[in-house]
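Have a look at the picture below before reading on.

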Amino acid sequence: MSDHAAREWRFYLDDMIGFAEKVIAYTDGLDQARFVASGLNYDATVRNLELFGETATRIPDAVRAANPQLPWRLVIATRNRLIHGYLGIDNDILWSIIQSDIPALLPQLRELRDRTT
């Protein structure tokens with residue numbers, strides 16, 4: 001049995017929440033220009049967004065289907081775009097995800113966690 005198959009899916013949900021919290025913490029107090037120029041904050045934020053999306057793939061299909069209020073496919077697709085972003089990442093879209101999408105998803109993820117524990 002693989003490690004991720006043996007791991008309870010709720011732990012992956014906790015991981016997603018942790019990655020989202022890091023994204024918010026790493027960009028707190030920055031505007032887009034300072035974020036893009038920051039180096040470490042930029043790289044750490046992109047990595048946590050990648051992990052956020054990767055972890056979403058570990059949530060069982062049945063759980064994702066039962067919770068369509070969360071944009072699972074978009075989260076996973078964003079991860080794929082970031083991972084394969086060797087042609088460049090659109091910093092305007094990235095900043096929008098950081099400023100709007102992640103803060104909106106975080107309470108929804110917490111609510112799902114609280115509802116299932």
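The lining of the largest pocket consists of 15 nonpolar, five polar and four charged residues. Here Ala, Val, Leu, Ile, Met, Phe, Trp, Tyr, Cys and Pro count as nonpolar, Asp, Glu, Lys and Arg as charged, and the others, Gly among them, as polar. This is a predicted model, where local features need pLDDT of at least 70 and side-chain atom pairs count only at pLDDT 80 or more, while totals for chains, interfaces and linings use all residues. Residues are numbered from 1 along each chain as its sequence is written, and side-chain values use heavy atoms, with hydrogens and water left out.

The pocket's 24 lining residues include Thr78, Arg81, Leu82, Ile93 and Ile97, which lie nearest its centre. Two or more lining residues come from each of α4 (40–56), α6 (72–83) and α7 (91–116). With eight residues, α6 gives the most. These helices are DSSP runs (H or I, at least four residues; strands are E, at least two), numbered from the N terminus.

Now look for the largest cavity, lined by Met16, Phe52, Leu70, Pro71, Trp72, Val75, Leu105 and Leu109. Its lining divides into eight nonpolar, no polar and no charged residues.

Terms used:
1 Å grid on protein atoms, 1.4 Å probe; cavity = no way out; pocket = protein on both sides within 12 Å on 5 of 7 lines; lining within 4 Å.
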